[in-house]
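Here is a walk through one structure, taken from its salt bridges to its domains, its interface and its pockets. Please keep the model open while reading.

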There are 2 protein chains.
Amino acid sequence: MYKLAVVGATGLVGSKMLEVLDRKNIPFSNLTLFSSKKSAGTEVQFKGQTYVVRELTEEAAQEPFDYVLMSAGGGTSLQFSPLFEQSGAIVIDNSSAFRMDDDIDLIVPEVNSPKLNRQIIANPNCSTIQSVVPLKPLADRFGLERVSYTTYQAVSGSGIAGKNDLSNGEQGLAPTNYPHPIYNNALPHIDVFQENGYTKEEQKMIDETKKILEIPDLKVTATCVRVPVQDSHSVAINVTVKTPATVEEIREVLADAEGIVLIDDVTNNQYPMAVNSTGKDEVFVGRIRTDDSLPNSFHLWCTADNLLKGAALNAVQILEQLHQTRSESHV
Amino acid sequence: MYKLAVVGATGLVGSKMLEVLDRKNIPFSNLTLFSSKKSAGTEVQFKGQTYVVRELTEEAAQEPFDYVLMSAGGGTSLQFSPLFEQSGAIVIDNSSAFRMDDDIDLIVPEVNSPKLNRQIIANPNCSTIQSVVPLKPLADRFGLERVSYTTYQAVSGSGIAGKNDLSNGEQGLAPTNYPHPIYNNALPHIDVFQENGYTKEEQKMIDETKKILEIPDLKVTATCVRVPVQDSHSVAINVTVKTPATVEEIREVLADAEGIVLIDDVTNNQYPMAVNSTGKDEVFVGRIRTDDSLPNSFHLWCTADNLLKGAALNAVQILEQLHQTRSESHV
C-alpha cells in the first residue's frame with residue numbers, strides 16, 4: 001500500500017486521473033491532492049471521502065510519497081518533480097518537460113517498460129500515445145521504415161480553456177485560449193512554432209515516436225491540427241513497413257494486439273470515430289488500406305480518448321505496470 | 001451575348017453560381033433557372049429582377065442555350081447534359097458523372113484549358129480543385145513525383161442537408177444526412193466506399209489530380225475526412241517533387257502563381273484557415289516546410305471556399321475562359 005499524490009488535481013487531466021484511480025480500484029494507503037495556489041482549498045470527493053486540495057510548495061514536495069501523478073504543466077514539473085524524486089517518490093509526469101531526456105523513461109505500457117535510471121517517468125504526448133499503440137505490433141511483425149501523421153485533435157487537449165473556446169465560439173464569442181477561432185475552423189497550429197516550421201506538437205510526435213518504439217532511425221513526419229471536437233483525437237497514420245504485408249495481415253496483427261479495438265467494416269459504415277471513443281480506454285483502429293503511392297505502405301485511421309489513453313489512463317497504467325514489476329521482483 | 005441556363009438554381013452551389021455571375025457581371029442576353037420538380041416555382045432575385053425557377057424536363061433541355069451551368073447531381077446530369085449538348089449548348093457540369101470520361105475536359109482555369117471534343121465540360125471535385133491550383137506551378141517548375149492528401153472538409157460540401165446536420169447537432173439532434181454525427185466528430189467517410197477500401201471522394205482526388213495535371217503516372221493517395229466546419233475545406237498536402245527544391249523556392253513559385261494567396265508567417269501565427277477563406281475567391285497556401293522523412297518532399301496547408309473555388313466560382317471561371325477563347329478566335 002502506497003502513499004500517492006496527484007498534482008494538478010483540479011485540472012482536466014488531474015480529474016480524469018482520480019476518476020481512473022477510482023474506477024480501477026488502485027490501492028493506496030494515503031492520497032494527497034495538490035494544485036496551484038489559485039485552486040488550493042478546493043474540496044474534491046473521492047470514494048465517498050472529501051479531500052481538501054493543498055497548494056504545492058517546495059516543502060510539500062519533500063514529504064515522503066511513493067508515487068506522484070503529476071499533471072501541472074512543464075514549468076511546475078521542472079521545479080517540483082526533482083524534489084519529489086529526491087524525497088524518494090516515483091513521479092509519473094504528464095508534461096513534456098523531461099520526455100526527451102536520455103535518462104528519462106517515456107512509457108506506454110503496451111509498448112515499453114521503464115528502466116528507472118531516474119525516478120521520473122514521462123507520460124508521452126497524447127497523439128503519440130494512441131499512435132504508437134498500433135505501430136508497436138506492426139514494428140514487431142513487419143519492421144517500420146516511415147510514419148507520417150496527420151492529426152485531428154480535440155480541444156480538451158488544451159484543458160478547460162480549450163473546451164471553453166469551442167463552447168463560447170458556438171455562442172458567438174471570441175476565443176481567449178487559441179490565437180484564432182476553433183469554432184467552425186481547423187487550426188493547423190498546436191503548441192508553439194519552431195525554427196524549422198514545425199510546431200512543438202509535431203516535433204513531439206516525431207521525436208517521441210522514435211524514442212518509445214526504440215527505432216532511432218525511423219523516418220517520422222507530422223502535421224498537427226486542432227479541430228472543433230470536444231474530446232478524443234483522431235490520427236490519420238500513413239505507415240511504411242520493411243517487409244511486405246497485406247491489409248489482411250495488418251488487420252490480424254492489430255486485432256490480436258493489447259489495448260486495441262479493430263473497427264474496420266466499411267461496408268456497414270463502421271470505422272473509428274471521436275464520438276465513439278470518448279470515455280473508452282482502448283485505442284480504436286480502422287480504415288486500413290494500401291497506399292499505392294509508396295511501396296509497402298498503408299493508411300490507418302486511429303482514434304482514442306485523449307484525456308484517458310492519451311493522458312490520465314496511460315499515467316495510471318504506468319503506475320500499475322510499476323506495481324506489478326515490483327510485486328514480481330518481490331516473489 | 002449568350003443564352004444562359006443554371007440548373008439546380010435553388011441549391012447551395014446553384015445559388016453561389018448566381019451570386020458569382022452577378023458579382024462578376026457575366027454578360028448574357030437571357031437567363032433561365034431550372035430545378036427539380038420539387039423546387040420549381042420558387043422565385044429568385046437576380047440583379048433586381050425576379051426569375052421563376054422552372055422544372056427541368058427533357059423538352060426544356062432541348063431549348064437553345066449557349067451555356068448551361070449544371071449543379072444537380074450525377075443522375076440528373078447523366079440524363080440532361082447530353083440533351084443540352086445535342087441542342088448546341090456547352091454544359092459546365094459540377095457533378096462527377098462525366099469527369100473521368102476520356103473525351104470530357106476536366107478543367108481548373110489556372111491549370112488547364114478545354115479541348116472541347118465534347119460540349120460537356122466537367123467541374124472537378126471541390127478538394128481536388130483547391131489542391132491542383134498550388135500543385136500546377138510546382139509541377140511546372142520542379143516536376144511532381146507523389147502527392148498525398150489528407151483533408152478537413154466542410155459540411156457545405158454535402159449541400160444544405162450537410163449544413164443542417166451540423167447545426168442540428170449543436171442543438172442535440174441526431175443526423176439525418178450523414179450515417180453518424182458530424183457535430184463534435186471527425187468523420188473519415190465522404191461519398192461511398194469502394195472495394196479497395198477507399199471512398200469515392202478519395203478516388204476522385206486521386207484520379208482527377210492526374211487527369212487535370214496531365215501526369216498519368218503521378219503517384220497520388222488520399223484520406224478524406226469531414227469535420228464540423230460549415231464552410232471551406234482545408235487540405236494537408238504532402239508533395240514529392242522531381243528536382244531538388246527549397247522551402248524558399250516553393251514559396252516564391254506559389255507567391256507568383258495565379259489564384260493563390262500565400263499566407264506563411266508562422267512567427268506571427270499567420271497561416272491559411274477555413275474561417276478566413278470563406279467568401280474568398282482565392283486558394284490560400286501556407287505552413288510550407290520540408291518533410292524530412294522522404295527525399296524532395298514538402299508539407300503544404302491549403303484552404304479554400306469549397307462552394308466558390310471548389311464549385312461555383314470555378315464553373316463560372318470556366319465560362320469566362322470559354323468566352324475569352326472564343327473572343328480571341330474571332331479577332
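Over all chains, a search of the whole structure finds 38 salt bridges, a salt bridge being a side-chain nitrogen of Lys or Arg within 4 Å of a carboxyl oxygen of Asp or Glu. This is a predicted model, in which local features need pLDDT of at least 70 and side-chain atom pairs count only at pLDDT 80 or more, while totals for chains, interfaces and linings use all residues; side-chain values use heavy atoms, with hydrogens and water left out. Residues are numbered from 1 along each chain as its sequence is written, and chains are lettered from A and ligands numbered from 1 in the order in which they are written.

One of the salt bridges joins A:Lys24 to A:Glu320, with 3.1 Å between the closest N and O atoms. A:Lys24 sits in the loop between α1 and β2 (30–35) of chain A and A:Glu320 in helix α8 of chain A, so this pair ties together parts that are 296 residues apart in sequence. Helices (H or I, at least four residues) and strands (E, at least two) are DSSP runs, numbered from the N terminus.

Chain A is divided into domain 1 (3–124 + 311–330) and domain 2 (127–306), with bounds that come from an automatic or database domain assignment. Taken over C-alpha atoms, the centres of these two domains of chain A are 25 Å apart. Between them, 19 residues of domain 1 are in contact with 19 residues of domain 2, where contact means heavy atoms within 4.5 Å. The two domains of chain A bury about 1,700 Å² between them, 64% of it on carbon and sulfur atoms. In domain 1 of chain A, the residues that lose the most area to domain 2 are A:Leu12, A:Glu110 and A:Val111, together 35% of what that side buries. Buried area is the accessible area (1.4 Å probe) that two parts lose on being put together, summed over both. The count of salt bridges between the two domains of chain A is two. Elsewhere in the list of pairs, A:Arg99 and A:Glu208 meet through their side chains in a salt bridge (2.9 Å, N to O).

Next comes the interface of the chains. Here 52 residues of chain A are in contact with 52 residues of chain B, and the two chains bury about 4,200 Å² between them, 56% of it on carbon and sulfur atoms. Six salt bridges are found across the interface of chain A and chain B. B:Arg287 forms a salt bridge with A:Glu202, their closest N and O atoms being 2.7 Å apart.

The largest pocket holds about 1,100 Å³ of space. Of the 47 residues that line this pocket, the closest to its centre are B:Ser71, B:Gly73, B:Gly157, B:Ser158 and B:Gly159. On a 1 Å grid over the protein atoms alone, a pocket is an open set of points where a 1.4 Å probe fits, with protein on both sides within 12 Å along at least five of seven lines, and lining residues have an atom within 4 Å of a point. Grid points are joined across faces, edges and corners, and a volume is the space filled by probe spheres set on the points. The largest share of this lining, four residues, comes from α2(B).

The second largest pocket has a volume of about 930 Å³. Among the 42 residues lining this pocket, A:Val13, A:Ser71, A:Gly73, A:Asn94 and A:Gly157 are the closest to its centre.
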